Amino acid sequence: MRRLIVATLPILFLTACSPAVRTPQAPAATAAPAGTAASQWLGDVRAIAEAGDNAQRRKAIAARLDTLGLAPRTVAFQANDRTGENLLADVSGLANAPLLLLGAHSDRVETGHGATDNASGSATVLALAERFKRKPLQHHRVAVAFWDLEEVGLLGSKAYVTDGSTRPALYVNFDVFGWGDTLWMMAPANQQTALVDSSRAATQALDLGFSPGEQYPPTDHLPFIRAGWPAVSYSLVGADEITQVLDAYAGKKSRTPAKVMQVIHSERDTLDQVDATAVARGVDAVEQALRRWDAQQSGTGNASSH
């Protein structure tokens, strides 16, 4: 997550709920027992956070993809006089089905271990890859991406969008998914309402808070949206942190800064800050939301290249 100060960012949320509609029944989620899911996620965060530099973090992710029976591939890019490598893998689904792309940035700043920012998001993508490989979606193929050089300008995700890569039916980003009782979702105004609705239903079923809104910190969903490609982003945080985070990005000082603003890009960004039990519930919610969304998308999405 890029820790920028944006003085003009308005503090607005999308709070209106869409009218209730009947939707196709989603297949049952495939969540592992909570203890197992939490332990695996925490182990993945540890492996990434303790790996070393950004290249070693990618190796840790690639090793985990290998254990899942997936075939990671690296895609090198150059931007702003820097060289980076994105890591991608196909998960499941028919080759001609619309693409659901799940992604998170794998790089970190030099300070701290980058456990929350963003080993937490990368481990969440790995958890979902395992579940969607075990039980594929009905109407979409799934692939995963781990972006390099997010911290210096969203360069990895920008490269994917501009380098002739496959345009997804939807890109779903994960950044700072480490603790808390609320699923925070970036959803552009009047867009992705089906996924907003399915996310609301999933969080209600799991007794999680849900906060969809257009305002959200700058991260890897932005290059997709700026290109006119469908994209959303999820974080898992405490309910009281959301307004505090947006205040911080708007340049407002607070006597009680959000935990996330105290942790990321600091020496505190270590493994002891994350809450694997909370995250396991958050991963369950996202999986259920995406399965509900997929179940009502038959014939509505098309993947294409540009």
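Predicted model: local features only at pLDDT ≥ 70, side-chain atom pairs only at ≥ 80, totals over all residues.
Residues are numbered from 1 along each chain as its sequence is written. Local features need pLDDT of at least 70, side-chain atom pairs count only at pLDDT 80 or more, and totals for chains, interfaces and linings use all residues, while side-chain values use heavy atoms, with hydrogens and water left out.

Side chains of opposite charge can pair when their charged atoms come close. A search of the whole structure finds ten salt bridges (a side-chain nitrogen of Lys or Arg within 4 Å of a carboxyl oxygen of Asp or Glu). One of them joins the side chains of Arg64 and Glu130, at 3.1 Å from N to O. Arg64 lies in helix H2 (residues 54-67) and Glu130 in helix H3 (residues 115-134), so this pair ties together parts that are 66 residues apart in sequence. Helices here are DSSP runs of H or I with at least four residues, strands are runs of E with at least two, and both are numbered from the N terminus.

The two partners can also be described by their accessibility. Buried means under 20% relative accessible area, exposed means over 50%, and partly exposed lies in between (1.4 Å probe, protein chains only). Arg64 is buried, at 12% relative accessibility. Glu130 is partly exposed, at 27%.

Glu130 has a further partner. A salt bridge pairs Glu130 with Arg134, and their closest N and O atoms are 3.7 Å apart. Both residues belong to helix H3, four residues apart, so about one helical turn separates them. Arg134 is partly exposed, with a relative accessible area of 47%.

Glu287 is in helix H9 (residues 276-295) and Arg131 in helix H3, so the pair links distant parts of the chain, 156 residues apart. Glu287 is buried, at 0% relative accessibility. Arg131 is buried as well, at 5%. Elsewhere, salt bridges with shared partners join Asp44, Arg64, Glu130 and Arg134 into one network.

A contact of another kind involves Glu151. This residue is found in the loop between strand E4 (141-147) and helix H4 (155-162). Glu151 is buried, with a relative accessible area of 13%. Its side chain meets that of His265 in a polar contact of 3.0 Å. A polar contact is a pair of N or O atoms within 3.5 Å; within protein, one must be able to donate a hydrogen and the other to accept it, and residues adjacent in sequence count only if both atoms are side-chain atoms.
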